[in-house]
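Biologist: I am new to this structure. Please show me how to read a few of its features.

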Amino acid sequence: QNPFDTTRMDIDEKERLEKIEADKAKFAELLKKSVDDQAEFFVKSFIFELGEDWKEVNKLAAAYKAAIKDSGSTKNALSQIAAGQFLQAHSAARTGLERKRECQDIDLNSDGMVSFVEFLLLHYKAMILTSYYKRMKKEPEEDLSKGGVGLTGVGLKLLDELLEIPLNLDPELVKAMDDLKLAKKNRLKKIQKLEAKAAKGGVLGKAAANELEQFLAKPNDKIKRLELTLAAARKKNLKHAETAGRKIKAEKAKADAEKKSTAKAKRNAFAARAKMFEQS
């Protein structure tokens with residue numbers, strides 16, 4: 001590329017800015033969804049990077065919903081101050097100034113609130129940036145040795161990687177994630193229905209309250225079974241992805257070797273002809 005060709009550079013910059021705006025629009029739609037839906041999206045995006053920690057995302061989601069309820073927030077998010085407190089309680093320790101700056105860094109819609117998925121971008125910052133640079137085939141530009149604590153100016157990179165859903169997800173794995181999501185939604189609906197009946201009081205309300213208490217006390221075998229199915233599907237998909245990766249790498253190495261061999265044969269043939277002309 002000609003370094004003096006500003007037209008090409010202007011086009012590249014325009015495309016970059018257009019992508020950022022498109023990503024922000026997608027992110028804005030994600031923020032409208034429930035905490036559970038945001039958790040499901042995050043897990044699907046980083047199902048391989050999370051490893052066994054994917055279950056931890058659901059635990060954090062439950063804690064975040066409780067924090068939103070306790071804060072009295074009318075939105076499906078926490079204020080930056082409340083989110084900073086939640087970050088301090090459930091993530092690596094940070095100073096007050098670090099919490100403030102990091103919350104501002106991922107507030108990509110500038111509403112002064114922190115949704116659950118935005119919290120996850122902070123909590124798993126180092127993991128996400130590692131994945132981002134691996135995909136870009138670059139060395140990290142930032143120091144990730146502290147797990148991303150205090151690191152700012154990376155909001156757009158975190159967003160870019162969040163929206164990069166893996167393309168090699170096995171249908172079995174996708175089904176396992178969808179089944180688990182559906183089971184959790186149905187459970188939540190039943191809980192909310194019983195809570196609404198219990199709130200009305202009276203004989204029916206008392207009966208609903210008792211049913212709710214028994215329902216919550218009962219081991220959730222279906223959810224646990226689906227989580228085991230998801231874990232197995234994830235491991236299987238990861239193994240297939242690694243095998244496919246090795247196969248692609250081997251094929252590339254073979255193609256490179258054949259290319260070098262062909263080039264060498266051409267050079268030898270050219271040298272032989274040149275020598276023949278010299279001798280004639």
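**Reading helices and their contacts**

Modeller: Start with Asn58, which is partly exposed at a relative accessible area of 22%; buried means under 20%, exposed over 50%, and partly exposed in between (1.4 Å probe, protein chains only). The model is predicted, so local features need pLDDT of at least 70 and side-chain atom pairs pLDDT 80 or more, while totals for chains, interfaces and linings use all residues. Residues are numbered from 1 along each chain as its sequence is written, and side-chain values use heavy atoms, with hydrogens and water left out.

Biologist: Where does Asn58 sit, and which residues is Asn58 in contact with beyond its neighbours within four places in sequence?

Modeller: Asn58 lies in helix H3; helices (H or I, at least four residues) are DSSP runs, numbered from the N terminus. Contact means heavy atoms within 4.5 Å, and with those neighbours left aside Asn58 has contacts to Ala39, Lys184 and Glu227. Val43 is 15 residues from Asn58 in sequence and 9.0 Å from it in space, C-alpha to C-alpha.

Biologist: What does H3 reach from its first C-alpha to its last?

Modeller: The expected span of a helix is 1.5 Å times one less than its number of residues. H3 covers residues 54–71, 18 residues, and reaches 26 Å, close to the 26 Å expected.

Biologist: Which residues of H3 are buried?

Modeller: They are Trp54, Val57, Leu60, Ala61, Tyr64 and Ile68. Viewed down the axis of H3, these buried residues fall within an arc of 115°, so they line one face of the helix; the arc is that of the directions from the helix axis to the C-beta atoms. The face turned away from the buried side of H3 carries the exposed residues Lys59, Lys69 and Asp70. Just after H3 comes Gly72, with a positive phi of about 75°.

Biologist: How are two packed helices described?

Modeller: By the angle between their axes and the distance between the axes. Here H7 (residues 125–136) and H8 (residues 155–162) pack at about 75°, with axes 9 Å apart. Axes are lines fitted to C-alpha atoms, for helices over the stretch in contact, and angles run from 0 to 180 degrees between N-to-C directions. H7 is therefore roughly perpendicular to H8, a label for angles of 65 to 115 degrees.

Biologist: Is H8 mostly covered or exposed?

Modeller: Mostly covered, with seven of its eight residues buried. Leu156, in H8, counts as partly exposed at 40% relative accessibility. Not counting residues up to four places away in sequence, Leu156 touches Ile20, Lys24 and Leu108.

Key. Helix = DSSP H or I, 4+ residues; strand = E, 2+ residues; numbered from the N terminus. Parallel < 35°, antiparallel > 145°, perpendicular 65-115°, else oblique.
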